[in-house]
Structure formats: C-alpha cells, structure tokens
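Here are a few notes to read alongside the model.

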Amino acid sequence: MTSSISKTIPYCIALLFVIVMPAFSAEMKPWDGQAVLELSDQLYSASRKLNAECRASPKYTGGTSGGLTGHTEFRYHVRHFMSVTRDLSDSLESGADKAKTQPIYNESVEIMGDLKKYAGGLKPTAWPLVVNAVSDADAILHQLGAYYSQE
C-alpha cells in the first residue's frame, strides 16, 4: 500500500505542474509590439472565419435565443466582433501602443462573452463548425490577454 502511494505522489506532482504552469506562463508577458500585432492579425482572421462559418452553417444558434431573433442577434455580434478585431489590428499596425489599444481589446473581450453565449456555452447546441470558430477566436483572444494584463 505504501509503495503504491509513494509511486503515485510523483505522478500527482507532475500532473499538478503540467496543469498549473501554463496558467502562470499565460500571465504577465512583457509588451512585445510585434507579437501582439501578429496575434491581432490572427484574431481578425479568426473572426472572418467565424463570419464565414455562420453563413455556411445551417444551424448556428441554439439554446438561449433560437429562431430568427437569435439568428439576427448572433450575426450582429459576429459582425461587430469582426469590426472590432479589424480596428485592433489596424491600430497596432499604425503603431498604437498598449494604452491606446486597451479599450479596443476590452471591447473584443466583451463581445466574446456574447459570442460564447450564443454558441451554446458549456453545452453547445450550435453547429459544430461555428462552436469551433468561436473557440479558436477565444483562444487567440486569451493569448492577447496575457499582454494586455500586465501593468
């Protein structure tokens, strides 16, 4: 019994290390204008992919709103997200710094909350390609957040 416990403790510690360390590495990155610009370009590309998936998918609303109203609301949020991510990318490309682009980034984070809600939350009922497109954009937004979270 003791030998099995002593063998599992290192595995538990390693598992904890694997789970916790990415959370620490995602925080507090020093501002790197080039890396942020590349991520913002990727985010804009992901928003365009989301827009395309919405047009191609037969079912991309579900759960909370549904119907024509849900369809219209979701499309509005997707287009708004695409516009904001384009503004972020354009501003960074023009040389704007973190302080000037922070409000644009914050707005994209707020819109992402709506996108995730319309995509179905924890139990997605939307078309899988749309759910994946929202998830991909959210992952890039999270990477950008590591740069915007620093003081």
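1. A word on naming before we start: helices here are DSSP runs of H or I with at least four residues, numbered from the N terminus. With that in hand, E110 is found in helix α4. Please keep in mind that this is a predicted model.

2. At 1.5 Å a residue, its 22 residues should span 32 Å, and the end C-alpha atoms are 30 Å apart, which agrees. Just after α4, G120 takes a positive phi of about 120°.

3. Which residues of α4 are buried? They are K98, T101, Q102, I104, Y105, S108, I111, M112, L115, Y118 and A119. E110 counts as exposed, because its relative accessibility is 60% and the cut-off for exposed is over 50%.

4. Turning to α2, this helix spans residues 33-56 and holds E38. E38 has a relative accessible area of 42%, so it is partly exposed. E38 and S89 are 51 residues apart in sequence, while their C-alpha atoms are 8.5 Å apart in space.

5. Both glutamates discussed above, E38 and E110, belong to a negative surface patch.

6. Which element gives the largest share of the negative patch? That is α3, with three residues.

Technical notes
Residues are numbered from 1 along each chain as its sequence is written. This is a predicted model: local features need pLDDT of at least 70, side-chain atom pairs count only at pLDDT 80 or more; totals for chains, interfaces and linings use all residues. Side-chain values use heavy atoms; hydrogens and water are left out. Helices (H or I, at least four residues) and strands (E, at least two) are DSSP runs, numbered from the N terminus. The expected span of a helix is 1.5 Å times one less than its number of residues. Buried means under 20% relative accessible area, exposed over 50%, partly exposed in between (1.4 Å probe, protein chains only). Patches are made of residues with over 30% relative accessible area and no salt bridge: like charges are joined within 9 Å, nonpolar side chains (Val, Leu, Ile, Met, Phe, Trp, Tyr) within 5 Å. Accessible areas come from the Shrake-Rupley method with a 1.4 Å probe; for residues, only the protein chains shown count as cover. A salt bridge is a side-chain nitrogen of Lys or Arg within 4 Å of a carboxyl oxygen of Asp or Glu. Lys and Arg count as positive and Asp and Glu as negative; His and the chain ends are not counted. The place of a charge is taken as NZ of Lys, CZ of Arg, CG of Asp or CD of Glu.
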